[in-house]
Amino acid sequence: MILDKIVEDKKRRLAEHKARISESEMRRMAEESKGGGASFREALSKPGISIIGEFKKASPSLGKIDSKLELTDRIAVYNDSVDAVSCLTEEDHFLGNAEYLKEIRRITRLPILRKDFMIEEYQFYEAKVIGADAILLIAAILDDAQMIDFYALARELGMDALVETHNEQEMERALRLDADIIGVNNRNLWDFSIELDTARRLSKMVPKGKVFVAESGIVSDADVRFLKESRVDAFLIGRAFMEAENPRELARRWKAL
């Protein structure tokens, strides 16, 4: 399965990262870092729909993405049209890099989500050092003990955590964790098929007071209208913005629907 392959490749990449900067040194740097300082949760808790604009170069389902804007131009657009930024830092399957996030940090005050496959403490220290305000916890690749420990570590480092779920069992685990921000990925991470009804179905389990984020597969006005009816607080938009000629106009239109 592709998810297993991604995790295995991540373990190999982590060994390379640790060979360059040891875990003890990365932890020291994280503890001394002030980070971005913006609240990801607050950005998504405002009245109306919030939008997380993503920067990514590729994905296993899409291959290389035909981006219409370079990084600096894209973030300039995001600065006045979205509420937060998501940056892929996974190297092998999404062609991401921590350097992209560092560059985004230099040119935006928006809160930044480090979107990666977080499986070791080292990645959380690194996220803090490169300027992330939030990290992604994918329930499908973590057991309960890891979710508890990693969630606590993120908060200890001053970062929010978006806990990503895909089914009822994972949603129950996120709720037991008492996560503030819960996401539903409409993409099946095992076969990469899309089903928008996943977010609608799981939204019924999310209590008031939690920030609920719909991820993946949002590419049309109809998709936005469908999900707005499901008590979604925020959308994470990747492909549609990356391929759009005018993501600013697209973001404004979707907020107004």
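Where in the chain does Glu91 lie? In this predicted model, Glu91 is part of the loop between strand 4 and helix 5.

## Overall architecture

The protein chain contains 12 helices and 10 strands. Its C-alpha trace extends about 50 × 40 × 35 Å along the principal axes. Among contacts between residues at least 6 apart in sequence, 69% join residues at least 24 apart. The chain exposes about 11100 Å², and carbon and sulfur atoms supply 47% of that area.

Neighbours within four places in sequence aside, Glu91 is in contact with Lys10, Arg13, His17 and Gly96.

## Helix 5

Helix 5 comprises residues 98-107. The buried residues of the helix are Ala98, Leu101, Ile104 and Arg105. They lie on the same side of helix 5, because they cover an arc of only 120° around the axis. The buried residues pack against strand 1 (50-55), helix 4 (71-79), strand 4 (84-88), strand 5 (112-115) and helix 6 (121-130).

Ala98, in helix 5, counts as buried at 13% relative accessibility. With neighbours within four places in sequence left aside, Ala98 is in contact with Thr89 and Ile130. Ala98 and Ile130 are 32 residues apart in sequence, yet their C-alpha atoms are 7.0 Å apart in space.

## Lys115 in strand 5

Strand 5 is one of the elements against which the buried residues of helix 5 pack, and Lys115 is located in strand 5. With a relative accessibility of 12%, Lys115 counts as buried. The side chains of Lys115 and Glu54 are joined by a polar contact of 3.1 Å. Residues up to four places away in sequence not counted, Lys115 touches Glu54, Ser86, Cys87, Leu88, Thr89, Glu90, Leu136 and Leu236.

| Residue | Relative accessibility |
|---|---|
| Lys115 | 12% |
| Ala98 | 13% |

## Strand 9

How many of the 5 residues of strand 9 are buried? The count is 5 of the 5 in residues 211-215, so strand 9 is largely enclosed by the rest of the structure. Val211, Val213 and Glu215 point one way from the strand, whereas Phe212 and Ala214 point the other way, and all are buried. In a regular strand the side chains alternate between the two faces of the sheet. Strand 9 pairs with strand 8 (residues 181-185) in the parallel sense over 5 bridges. Within this pairing, Val211 of strand 9 is the bridge partner of Ile181.

Definitions and conventions
Residues numbered from 1 in each chain as written. Predicted model: local features only at pLDDT ≥ 70, side-chain atom pairs only at ≥ 80, totals over all residues. Heavy atoms only, no water. Buried < 20%, exposed > 50% of the residue type's maximum accessible area, 1.4 Å probe, protein only. Helix = DSSP H or I, 4+ residues; strand = E, 2+ residues; numbered from the N terminus. Arc of directions from axis to C-beta. Contact = heavy atoms within 4.5 Å. Areas by Shrake-Rupley, 256 points an atom, 1.4 Å probe, with all protein chains shown as cover. Polar contact = N/O pair within 3.5 Å; in protein donor to acceptor, adjacent residues only side chain to side chain. Pairing = 2+ DSSP bridges.
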